[in-house]
Amino acid sequence: MYIASRIAGLAAFVAVVKATATAAPRLDDNLSYQSPSLKHADLAIDTEAIHSKLVKRQLYYFESDTGNEGGPDNYLPELTWTNANYTGAISFTHGVASGDPSTDSVVLWTRAAPANNVSTDYPIPVSYQVALDRNFTQIVDAKTVYTTQDVDYTVKVLAQNLSPWTYYYYRFSAKGSSTAANATALSIIGRTKTLPRPDWDGTTHDMTLATFSCSNFPFGRFVAYGNAARRDKADLFVHLGDSIYEYARGEYDLGAMTDQIGRTDKPSTALLTLNDYRTRYKHYRTDEDFALALRRAPWVFVWDDHEVADNTWRGGSAQSNDSSNGLINGVDFTSRKAAAIRAYFEYTPIRPDILTNNLRLYRSLKLGKLADLFLLDTRVRDRDLTDLYYNTQFVQSIRKDQRRSLMGLEQEEWLYGNLRKSKNRGATWRILGQQIVMSELVYTAAGRINVDAWSGYVSNRARLFDVLSNLGDGNNVVLSGDSHIATAWSLNGTYVDKSYGPLGIELAGTAVSSPSPIQPRNATFAVRQQQNADLVGLNPPMAWADVGYRGYFELTLNAQKVNATFYATPDLYTPNNTLEITGPQLTMLKNKGLLQTPLNNGNRSVAFGVLSNTTAYRG
C-alpha cells in the first residue's frame, strides 16, 4: 500500500513537472537570465537546463520521503514545497533600481543573495510588489520569480499594467524556509515613474532629464547622483556611459589619497572575467549617493568604453585584442567583452529584449508627443578603428574616409530612419543621448582634437548632420559625456569640409567623478577660469565651458523650449556632504536651432565656467 501510494504520488509530481518544464516560468520571469540576450547562446543563461537540475533535486527530496505534505510543487504559484529552495537567511545586498520605463511598464532590479556571503546553488524565490502608495495598500502588480548564483543572485522583472505618467512604489521580499531563518527579508522601498501618454505634448507641464557620465569610484564620492536625487526634480535619470571603470588598483586613481578617502577599488586587478566585472559593479553600488539615486527615479543607461575597456572598438581596445599578442593573462578581447556585457545587463535595469541582433544596445523612448529620446552606441558594438594611443597619427590621417563609421551602418540606418519618423509623427524635440563630443572640439592653439570622438569619424558626422539639416526645424538636442569637461554648443557652422545652418544644440556634461583632462586637481579658481576662457576662445560655436568642476546637468523640456542647467559638486572627498553650485541656464527656443541670446538670461556673472562673447552662433 505504501509503495503504491508512493508511485501514485510520484506520477502526479512528474505530471506537474512536465506541465511546467518547457516554460520554466519563474526562471524566465527573472530577466537577468535573458541578459543580455537569448539570441546569444554564449551569453544568455539556459533556463531549461537550470530547471531540469532543480527538477532532479525535487525528485530526490520526494523520493527521500521528507514528510512534506502535498508534494514538491516548487513551480506552482503557492511555492508551498520549499525543500528544493535555499533555506538560509537572505539579504538584499545592493538596494533597488528601476529603468527603461514605458507608458505601462518598467524594469525593476535588485540583488537577493544568501546572507553573510554564503554560496549556494539552491534557488531563491523573490517576490515583488508595485503600488500607488508607499504603504502598499493599493498594489497594482505582484509576482514571485527565482534567482540563483547563475546570475549572481540578481533579479530583474518587468512590472506591468501601469498607468502613464504616474509615480509608483516598489519593493522586493524573500523568505528563508528553515526555522532559524523564517523571517521575511524586505528590500528598501524604491520609487519609479512611467512615461507620459502618447498624445501628451508638453503644453501642461515640463519634463526633466538629469544627465550623468563617467563615474569613477577611486576618484571620489558620487555626490552628483545624490544631489540630483535630493532635489527630486528629474522625471528620468540618463547615464551616458562609463558607469564603471575597468582599471587595476593604482592604475587610474588618486594614489594614496584614494585609500585615505575610503575609495579603494575592488577587485584590485584589471577586469577580465565575468566575476571581475560583477565584483566591480557590486562595489560601485555601495556608494550611498548612487544607491539613493537608483531607488529614487527610473534610469536609462547606455555604455561608453570603460564598461568593457579603454577605447573599445569592434576589434579590440587600447590594451587588448584577439591576437596572440593582445591577450591579457590569457584572456582575449572577445571573451573579455562577452563577460563585460553580460555583467552590465545583470546589474543594470535595462530590457534585454532590445538585444535582438548582434548585441544591439541602441534604442529609443517616446516621451509622449513632446520628444523622442534616442540612445546610441558609439563605442562597443560596431565602430571602426579608433585611437589606441600608438596609432594616433594613422587615425588622424583616415578620419575623413567616407567608409568610416562610428556607429556601424546598421545603427546609422536605424537612427536616420527613426529621426524622420519622429518628425513625421509630430514630436517636437529629438534628443540624441550618446557618449562622445559631437562638435569639433579643439583643445589647444596648435589645433589638437580627439580622434577617439566624433572628430575621428568625419563622414559619419556629416551623414547625421545631413539628416538633421533636412528635417528643417533645428529641434535637435545632443547629449554627450566622456570628455570630463562641461561644454554647451550651437550645432551650426563649418565642420571640417562642410557647412550647416542651425541644426540644434549639444550639451556635454562633465564627469560625476573622473578627473579633468585639462586641469590639475588643485588648480586655483583663477587658473581654471583662464583655461575656460581659452577653450571658449578656441571654439566659436561653444557657448560655455567649465574644465574644472565635477557634476551633472538637467535638461527641462516643454512645448516651446528646452532649458539646460549645469551643476557642480566641489567636494568629492568628505563623507555625507551635499555641496552644490548652480551654473548657467542655457535655452533653445522651438524652431530656432541655436542657443538663445543673451546667454544665461543676460547674466554674465556665472558661478563657474566662462560664457562666450560670440553672437554669430546664437539665436
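**Entry 1: the largest cavity**

Which residues lie nearest the centre of the largest cavity? I found Pro218, Ala248, Tyr252, Asp253 and Asp265 there, out of 15 residues that line it. The model is predicted, so I kept local features only at pLDDT of at least 70 and side-chain atom pairs only at pLDDT 80 or more, while totals for chains, interfaces and linings use all residues. Residues are numbered from 1 along each chain as its sequence is written, and side-chain values use heavy atoms, with hydrogens and water left out.

I noted how the search works. On a 1 Å grid over the protein atoms alone, a cavity is a set of points where a 1.4 Å probe fits but cannot get out; a pocket is an open set with protein on both sides within 12 Å along at least five of seven lines; lining residues have an atom within 4 Å of a point. Points join across faces, edges and corners, and the volume is the space filled by probe spheres set on them.

The largest cavity holds about 70 Å³. Its lining has 5 nonpolar, 4 polar and 6 charged residues. Here Ala, Val, Leu, Ile, Met, Phe, Trp, Tyr, Cys and Pro count as nonpolar, Asp, Glu, Lys and Arg as charged, and the others, Gly among them, as polar.

**Entry 2: other spaces**

I counted 5 cavities of 30 Å³ or more. I then turned to the largest pocket, of about 550 Å³. Asn450 and Asp482 are among the residues nearest its centre, and 25 residues line it. I sorted them into 9 nonpolar, 8 polar and 8 charged.

I traced an open sheet of 8 strands in the order 12-13-14-15-19-16-20-24, with mixed pairing. Its edge strands are strand 12 (363–367) and strand 24 (610–611). Helices (H or I, at least four residues) and strands (E, at least two) are DSSP runs, numbered from the N terminus. Two strands pair if DSSP finds at least two bridges between them.

Strand 20 (residues 542–546) pairs with strand 24 in the antiparallel sense, over 2 bridges. I looked up one partner: alanine 545 bridges to valine 610 in strand 24. Helix 12 (residues 525–538) packs on this sheet and touches strand 16 (486–490), strand 20 and strand 24. Touching is contact, meaning heavy atoms within 4.5 Å.

Methods. Axes fitted to C-alpha atoms, helices over the stretch in contact; angles between N-to-C directions.
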